[in-house]
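Me: I would like to learn how to read some features of a structural model, one at a time. Could you take me through them, with the general idea before each case?

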Amino acid sequence: MATLAEVQRAFGGAVLGDDDPTLAALIDGAGLTPEQRLGIHRNNALITLTEALGANFPVVKALVGDAFFTQTARAFIRRSPPASPVLSRHGEGFADFLATFEPAASLPYLPDVARLEWARLGALQAADARPAPRETLAGVPPHLLPMARCAVHPSFRFVVSDWPVDRVWAMHQPDWPDGKTVSLDEGGVTILLCRPDDRVLMARADRGTLSLLLALDMGQTLETAAQAAARAHPDFDLTAALTCVLSLGLLTEIAIPRTASDDAPVTPISRPETSA
Amino acid sequence: MSGSSRPPPADSPVPAASVGVGLKSDHVEALLADPGAVAWVEVHAENYMHDGGPRHHDLERVRRDFPLSVHGVGLSLGGAEDLDGAHLAQLAAVVDRYRPALVSEHLAWCGTTGAFLNDLLPVPYTEEALSLVARHVDQTQEALGRPILVENPSRYFAFRIGDMSETEFLTALTERTGCGLLLDVNNIVVSAVNLDFDPVGYLEALPLDTVGEIHLAGHAVRHVDGVELRIDDHGSAVSEAVLALYGRALASTGPRPTLIERDSNLPPWPELAAEASRVRDILATALGRD
């Protein structure tokens, strides 16, 4: 008699598309063929996994239409079935798959729309944290500001694209004005995302601001992070960058050393419990 | 943030003679505004296996007012492989976070390593499978520090292999592990048509004294080459056949917390509340009979 592992290996293969004669022999067709009965499970798995993928990538689905999305999703699911039962993480790798999926080649911006939707989903489900108020940095004595270390919000995500994918995304939201269009010639974008409360915020930023955030997220001081951003992007403007970052709620805690010469221990001047 | 610092009430059991519904985000506001309509709610554990955000904020609000049941749909108790330790740890985290009155899973498997199939797939009722499922139930109960309920499956075919019936398998499983039964009446009706067996005989062969919760749901009817099949889609109101069998089950189990499952074609809240009211009447009748 087949072991449970053997049955399940064959069954898993059959659900994802390969008929297996040894499995059919174990199934009582009872008026139907074993394949017809297995087909119920195959349909259930593929239909619900396709729906779940569509729920995670609604704009990609709207851009290509239901029929094309279903075909694309099935090809993706057969190649990369979800590794975990947590379906809100179903679709990791979907953007990369779309980039190589020949039938979608006429929509070169589609993978980046998928990246944006994936970033939004990640931000939506990241840990909660209260952002530092916008005026926080104003309270730091100027000579200590370079030493500040900033904690970046757990929901921080970003997307860099050669296409205006934030506007492509916005076009498919209910508040988009009728008749307004987006030209793909508008050019590329760097998009920062954050979920300071229940809603995901996104804003365009320059690459220098993104460099700053990534450096801060690695624990560098504001001065070191700003220098790195300015080296890579000569037009970098620290004040403008911090305004953008704080308005999105991307910093949760700003800590400065007690004195400029004393790097540790640091005194937090703003953290979730104490901010308004 | 939505004031998540207050912990949920520790001690809020689900009353035996009470009706709950599966929590859907579309219904959260209506539920909170109409707290008398149902006595408790159930959520799928996997929908809360992430750190933060609005879904958690909604459940935190609901949990302050309602007892909770956490229903897992992806642990794969019937999998031939070892349980996914990371998934079990995430289930334990959801249970710690929300302190549910009831925790349940399925007699089913859901995929193999790296390939979750999002379906509750059938297990052949062999001695090998029984030992394995019992070990997985033990492991789960140890990780959670509490007994769980295991749900009888909906079936679309019978295996030609096996050492025992489904009811014998479930009886042995409850005896070996001390787990309880989540009696899904809809699944019995679905399986009875698909596998051509007597639902009442099946019901009476179950270890009904271990039933800790009952599920009711609607299902779809399909015809394939002249053969009628029932598909467990939770996409319509609870059928009359299911309600009739439910009344019969209550006569043996006595009143049990009863959940209306609705996962697709979600109706407006008042429709679901009316269905809950009807089920509550059936429960009240059973209570009067005791």
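**Reading the features**

Reply: Let us begin with an annotated span in this predicted model. The end C-alpha atoms of residues 6–98 of chain A are 33 Å apart, and the span is 68% helix and 2% strand. For these residues of chain A, UniProt gives "domain: Putative DNA-binding", in an unreviewed entry.

Me: Where in chain A is Lys61(A) found, and why does Lys61(A) count as buried, partly exposed or exposed?

Reply: The general idea is to compare relative accessibility with two cut-offs, under 20% for buried and over 50% for exposed, with partly exposed in between. Lys61(A) belongs to helix 4 (residues 58–64) of chain A, and it counts as partly exposed because its relative accessibility is 29%. Leaving out residues up to four places away in sequence, Lys61(A) touches Gly54(A), Asp66(A) and Phe69(A). Separation can be read both along the chain and through space: Lys61(A) and Arg195(A) are 134 residues apart in sequence and 24 Å apart in space, C-alpha to C-alpha.

Me: How should I read Thr258(B), and which side chain makes a polar contact with its side chain?

Reply: The same cut-off for buried, under 20%, applies here. Thr258(B), in strand 13 (residues 258–261) of chain B, has 0% relative accessibility and therefore counts as buried. Its side chain makes a polar contact, at 2.7 Å, with the side chain of Tyr246(B). Beyond its neighbours within four places in sequence, Thr258(B) is in contact with several residues, among them Ser18(B), Trp40(B), Ile214(B), Tyr246(B) and Leu283(B).

Me: What is the relative accessibility of His106(B), and which residues does His106(B) touch?

Reply: His106(B), which lies in strand 4 (residues 102–106) of chain B, counts as buried because its relative accessibility is 5%. The side chains of His106(B) and Glu151(B) make a polar contact at 3.2 Å. Not counting residues up to four places away in sequence, His106(B) touches residues including His71(B), Leu77(B), Leu120(B) and Glu151(B).

Me: How much space lies in the second largest pocket, and which residues are closest to its centre?

Reply: Rolling a probe the size of a water molecule over the atoms shows where empty space is left. In the second largest pocket there is about 290 Å³ of space. Its lining has 20 residues, of which Ser76(B), Glu81(B), Asp84(B), Gly111(B) and Thr112(B) are the closest to the centre. Strand 5 (residues 109–112) of chain B contributes the most to this lining, with three residues. By residue class, the lining of the second largest pocket divides into seven nonpolar, 10 polar and three charged residues.

How values were computed: Residues numbered from 1 in each chain as written. Chains lettered and ligands numbered in written order. Predicted model: local features only at pLDDT ≥ 70, side-chain atom pairs only at ≥ 80, totals over all residues. Heavy atoms only, no water. Helix = DSSP H or I, 4+ residues; strand = E, 2+ residues; numbered from the N terminus. Buried < 20%, exposed > 50% of the residue type's maximum accessible area, 1.4 Å probe, protein only. Polar contact = N/O pair within 3.5 Å; in protein donor to acceptor, adjacent residues only side chain to side chain. Contact = heavy atoms within 4.5 Å. UniProt positions renumbered as here; feature names shortened; annotations may be inferred. 1 Å grid on protein atoms, 1.4 Å probe; cavity = no way out; pocket = protein on both sides within 12 Å on 5 of 7 lines; lining within 4 Å. Points joined across faces, edges and corners; volume = space filled by probe spheres on them. Nonpolar A, V, L, I, M, F, W, Y, C, P; charged D, E, K, R; others polar.
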